[in-house]
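Hello,

Here is the structure I promised to pass on. Please open it next to this email and follow along.

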Amino acid sequence: MRRLKLEPWLLILPVVVLLLVGFVLPVASVLLSGFTTPGGGWTIENFTRFFESAFHTGAAMRSLRMALVQTAVVLLISLPLAYAMSRASAKVQAFMMIAIVLPVMTSVVVRSFGWVILIGPAGPLADIPGFLELSKSRQGLLGTELGVNIAMVQVLVPFAVLSILGVLNGVDRRLEEASRTMGASFGRTAWSVVFPLAIPGAIAGGTLAFAMSISSFITPNLIGGAQIPVLAAIIYTDATTNLNWPFAAAQSLLMLIVVLVTIGLTAKLSARR
Amino acid sequence: MAELIISSVRKSFGETEVLKGIDISVPSGTFVSLLGASGCGKSTLLRCIAGLETTSGGSITVGGQDVTDLAPEKRGLSMMFQSYALFPHMTVLDNVRFPLRMQGKRYGNRAKQKELAKQALDQVRMGDFASRLPRELSGGQQQRVALARAIAGEPRVLLLDEPLSNLDARLREEMQVELIELQRVLGLTTVFVTHDQDEAMSLSDQVVLMRDGVVEQAGTPEELYRRPRTPFAADFLGAANLLDVSVEIDNSRATAVLAGGDTVPVRTSNSGAATLVLRQEKVRIGDPLSTDDSVVTATVVSRVFRGGEVQYLVEYQGAMLRVVANGESMLSAGDQVELSWSSSDALVLS
């Protein structure tokens, strides 16, 4: 009987080793470096500097706000989309799946540049009167939060759709049919029966979208640029341009805490159900 | 409660025609079973009535209102599924309140709806389980809740899709009794889909036997059992022994010639090839009771002891017949026996 108890541990051993060496140790060393000076001593100066800088705290608040807005919009789009997919014929579902997954296979840089063209001053929308004035520098939606949000939503929707689709595919269609025969219209059935059952998928998809959104810097950089500084982009600049690794590490730790708290809250939320 | 009239309803899925012109009329307050083997179209017909499938032709009328092209929620019916289809995220009470909530003002405010839902639960003796979730109930209990939910919204017609087939035999019999009592008390027009002929016969006012998308025969259970119009109907309702015979009529006396050359008197006015139908319980094994009885000799093939009775499979000229004898009968395979029946119990279908 001892063998039986040992086997599960043996099975997860490779993953544990991989995670430990490839993830936990590097991340821990980066995060620890947030408490060091460039000279090598211990300090909390990196954190005090962050909280005393209005630029940094402002960027952090903007990141949080944008991540929340994007997550909300992503869920609003993904729920009906995933529902339509789950109830489409196998053929249509396969086609939609390709349409959803294909953009994910394209580099996020390429997609962001696509948006730059589409919503920029040389794009097809520029002829609409007043469009260019949407940004202070007459660049259309470039350099605006709205522009970043639109492009980010497009990046995030596939992940949320796939999470929700997985749950909805497991919901018995008889439930909807039963609801219809009891006097509920299609809309009320979706609202009272289908969406409540999709909540676990929405929580998973929403958490994923939030974590990806708050830590993304490519799309915000390309579309928002210097006018819309977000925390992840600042960390990137601090690490690669300013070469201030300890400060970048300190900011990363703060962002990680926000994400972990969010995941903790949503996990608690889904456990209650 | 309302009368349900189905007239020349057709349904095709692509090239396949599943319903080939069905006519059924269900008088208000009656219990009708759609009986048939799987794939005969009975469930599709039920789904057409509910509005979950669109028909390819014909019309469906409920209480004088043509509902053929109406959305399911506007038909005022309710349907109970084989899998019960209880909403897993709602309590038992909220499940039963669902049809009331969806029909809105008609059932008053939240408190009033809850009271009515509670009453429906009490009717199926599930009142004590109101605050439970469906997954916390046994199959039989879930089924009662599904029934309560189906009747709570006072449907004009109650549609039941094999609701008892997931229950064990004992619970099933219990539920049959309760279902029929509830249906009578509420005067519900009910359409019940089943593949089980015993269930159809014991519950229904009318049985509609379906086969390959058409109505094979419709009538009261007694009519279908005593006067089946086709060998299929005879065999489907209560196991019957079917023998190929040829009928000769001489001076208005009909005689059937069996495969072995035996002749037996029958009641028919058509001569020629026909099928002789013998219900297993009408065939006696051993000495004939009366000299007028038809008698043939057969060979015992197998014996199955069922407590109160013994079922024998016997061979007569290449045909296998099922006959029952009382529990003390001790014949064994290979024994030659005499089978006898009264000519009035032998049915001839030409």
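Start at B:Ala240. Its bridge partner in β14(B) is B:Arg279. This is a predicted model, so keep that in mind throughout. The two strands involved are β11 (residues 240-250) and β14 (residues 272-279) of chain B. They pair in the antiparallel sense, over 8 bridges.

Now widen the view to the whole sheet. It is an open sheet of 5 strands in chain B. The order is β13-β12-β11-β14-β20, and the pairing is antiparallel. Which strands stand at the edges? They are β13 (263-266) and β20 (347-349) of chain B. Each has a single partner strand, so one side of each is left without a neighbour in the sheet. Neighbouring strands here are turned by 45° against each other on average, direction ignored.

Next, the other sheet to look at. This open sheet of chain B has 6 strands, in the order β6-β7-β8-β3-β9-β10. Here the pairing is mixed. The edge strands are β6 (77-80) and β10 (214-219) of chain B, and each pairs on one side only. On average, neighbouring strands of this sheet are turned by 20° against each other, direction ignored.

Which helix packs on this sheet? Helix α4 (residues 139-152) of chain B does, touching β6 and β7 of chain B. The direction of α4 makes about 170° with that of β6(B).

Stay with β7 for a moment. Strand β7 (residues 157-161) and strand β8 (residues 189-194) of chain B run parallel. They are joined by 5 bridges. To find the place on screen, look for B:Leu160, which stands opposite B:Phe192 in β8(B).

Now step back to the chain. How many helices and strands does chain B have? It has 8 helices and 20 strands. The domain assignment gives domain 1 (4-226) and domain 2 (239-349) of chain B. The C-alpha centres of these two domains lie 40 Å apart. Along its principal axes, the C-alpha trace of chain B spans about 75 × 45 × 35 Å.

Two last figures. Of the 350 residues of chain B, 39% count as buried. Take the contacts in chain B with a separation of 6 or more: residues 24 or more positions apart account for 64% of them.

Best wishes

Key. Residues are numbered from 1 along each chain as its sequence is written. Chains are lettered from A and ligands numbered from 1 in the order in which they are written. This is a predicted model: local features need pLDDT of at least 70, side-chain atom pairs count only at pLDDT 80 or more; totals for chains, interfaces and linings use all residues. Domain bounds come from an automatic or database domain assignment. Two strands pair if DSSP finds at least two bridges between them. Helices (H or I, at least four residues) and strands (E, at least two) are DSSP runs, numbered from the N terminus. Axes are lines fitted to C-alpha atoms, for helices over the stretch in contact, and angles run from 0 to 180 degrees between N-to-C directions. Two residues are in contact if their C-beta atoms, placed from the backbone, lie within 7 Å. A residue is buried if 20 or more other C-beta atoms lie within 10 Å of its own, exposed if 12 or fewer, and partly exposed in between; C-beta atoms are placed from the backbone.
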